[in-house]
Amino acid sequence: MRHNNTLRNVAIIAHVDHGKTTLVDAMFRHSGVFRANQHVDDRVMDNMDLERERGITIAAKNCAVTWQGVKINIIDTPGHADFGGEVERALSMVSGAILLVDASEGPLPQTRFVLSKTLAAGLTVLVVINKIDRKDARPSEVLDEIYGLFIDLDANEEQLEFPVLYAVGRDGVAMADANAAREDLTPLFRAILERIPGPSYDPAEPFQMLVADLAYSDYLGRLAVGKIVHGSVAARESLVCMREDASATPLRVTRLQVYDGLQLKETESAGPGDIVVLAGIEDVAIGDTICTRGNPRTLPRIRVDEPTVAMRFGINTSPLAGQEGKIVQSRAIEDRLAKESLRNVAISLEQTEDRDAFLVKGRGEFQMAILIETMRREGFELSVGRPQVILKNATDGTVLEPIEHLYVDCDKIFMGIVTEKLTQRKGRMINCANDGTGRVRLEFYVPSRGVIGYRDEFLTDTKGTGIMNSYLDNYELWRGDFPTRFFGSIVADRAGVAVAYALFNLEPRGTLFAEPGDPVYEGMIVGEHNRDNDIDVNPTKGKKLTNLRAAGKDENVILTPVKKMTLEYALHFVREDELVEITPLSIRLRKTELSAHRRYRMAGTKRKV
């Protein structure tokens with residue numbers, strides 16, 4: 001095996017909000033991608049609207065810089081556990097990884113996840129302790145925690161001898177010592193060239209490329225993105241795509257592109273180890289191998305952890321369907337979900353008995369929420385059910401459920417309420433650490449179904465000051481049922497327009513979601529009942545008018561401000577017999593069965609059974 005020393009392929013991995021994308025911005029500036037006087041937005045790699053709004057990276061993205069004559073392909077990966085499939089896909093294209101750790105927070109759950117995948121792939125790791133300018137920075141303690149994490153993940157001796165740098169990504173500086181002068185990112189680039197090897201290849205092997213990502217161009221059609229494992233490729237060359245079922249699809253490279261800074265640059269040829277973008281094939285999937293026609297050989301496919309959460313996606317069947325969205329057909333929804341499953345290896349699509357509904361499986365509720373939000377911004381109307389965990393059956397017939405390793409960082413005064421709530425959700429505390437600063441760090445093993453819907457409640461209980469993170473640990477025996485919601489629903493019993501007079505009289509029954517003037521229909525949920533049962537109400541009832549006048553002025557109706565419905569809250573709120581109606585303009589809650597009469601009969605039948 002030889003190494004292509006003119007290249008370096010590097011992934012930047014970290015927990016969410018530890019500064020990956022900001023560090024990439026600084027690497028662009030240092031390598032000369034941007035002019036000295038050029039105005040550039042922060043987090044330039046976060047080019048999706050949702051990424052900029054939420055301040056997180058959702059999809060792994062490729063870019064490239066050149067330093068001292070060596071091209072460095074950089075992959076900016078997500079830091080949230082729900083997008084772990086993007087990390088696993090990105091690691092298939094690199095020879096090393098930069099592990100970024102916050103100098104104050106230290107290694108967190110996603111740090112463990114991405115590092116375990118990196119060590120399992122045998123990649124070289126370069127550790128960067130970021131944000132050392134924080135007032136609460138503790139770089140020496142964090143370094144000890146990193147060593148402990150490597151040992152806990154069974155790193156070998158070679159992997160334990162990782163280089164360590166200290167950085168302030170926002171200022172574009174990196175140092176070999178925390179107390180050294182802060183100049184620029186030269187130490188980081190030097191460490192990448194010296195410690196991370198160039199991509200390895202066998203000069204005797206023909207051309208092989210593993211497809212690790214898909215893109216689409218209005219002019220070129222579908223694009224296959226991946227690393228050249230062996231050999232080289234030229235534009236307009238005739239190749240073949242090997243599918244998972246060993247079938248071969250011929251193709252001709254209509255355009256060959258490589259990454260140059262943030263852009264793609266057309267090239268006539270590319271050598272081993274480079275990350276390229278091929279145009280000229282429509283029927284391709286992530287994990288396929290593109291190789292020569294004369295000597296077709298497949299590479300090991302990309303394998304990711306199996307999904308843990310499933311959700312029902314279906315057409316919008318409410319009386320208000322088709323009034324706000326442009327795309328409402330089940331075929332269009334199915335095609336969009338199939339496209340997503342092709343681009344995202346962590347998502348799978350299955351058919352259901354209802355041909356107008358589909359089962360989407362993924363890594364977590366947040367991943368599902370991002371998919372739904374993306375679709376509604378594209379003009380889709382659909383209805384979705386509550387996220388459900390995917391259970392397994394052991395060899396002896398017992399039921400196993402996914403268990404999350406949950407980390408909580410909160411003020412000491414909130415420790416009691418957090419522990420009580422998680423215990424109700426079948427959580428078990430395994431560690432409690434008090435560093436004397438007034439905050440505590442708690443660790444729990446909690447069923448994944450117990451984490452669904454708890455985040456909003458956790459932020460309320462901790463007055464918005466708590467931090468909660470988790471990752472999938474393993475599967476354990478079913479821990480039994482527990483209540484997911486202690487309140488019922490206030491359901492409209494007829495169609496019409498919500499009236500202030502009716503809503504004012506309904507306020508003592510619970511928390512309302514509807515405002516005066518909102519359209520309502522039979523079966524639509526207009527509020528949360530303050531008891532555990534559902535009630536049917538008339539939110540369209542107006543005040544009876546007569547020709548008599550009162551001695552004084554009529555009482556002015558002043559309603560309590562309504563909490564704006566968010567997608568995440570809606571997904572947490574609904575029960576198994578309820579749905580979330582999604583349109584480009586509205587998010588509504590409804591019963592699966594809209595007819596109040598039928599729901600009453602179904603409840604009676606259930607009581608008899």
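**View 1. Lys-131 and its salt-bridge partner Asp-102.** At 22% relative accessibility, Lys-131 counts as partly exposed, a term for values between buried (under 20% relative accessible area) and exposed (over 50%), found with a 1.4 Å probe on protein chains only. Lys-131 forms a salt bridge with Asp-102, their closest N and O atoms being 3.6 Å apart, where a salt bridge is a side-chain nitrogen of Lys or Arg within 4 Å of a carboxyl oxygen of Asp or Glu. Asp-102, in contrast, is buried, with a relative accessible area of 0%.

This is a predicted model, in which local features need pLDDT of at least 70 and side-chain atom pairs count only at pLDDT 80 or more, while totals for chains, interfaces and linings use all residues. Residues are numbered from 1 along each chain as its sequence is written, and side-chain values use heavy atoms, with hydrogens and water left out.

**View 2. The salt bridge of Asp-283 and Arg-243.** The side chains of these two residues, Asp-283 and Arg-243, meet at 2.8 Å, N to O. Asp-283 is partly exposed, with a relative accessible area of 41%, and Arg-243 is partly exposed as well, at 22%.

**View 3. The salt bridge of Asp-274 and Lys-71.** Here the N to O distance between the side chains of Asp-274 and Lys-71 is 3.4 Å. Asp-274 counts as buried at 9% relative accessibility, and Lys-71 is also buried, with a relative accessible area of 16%.

**View 4. A network of salt bridges.** Asp-534, Arg-575, Asp-577, Glu-578 and Lys-591 are linked in this network, and a search of the whole structure finds 42 salt bridges.
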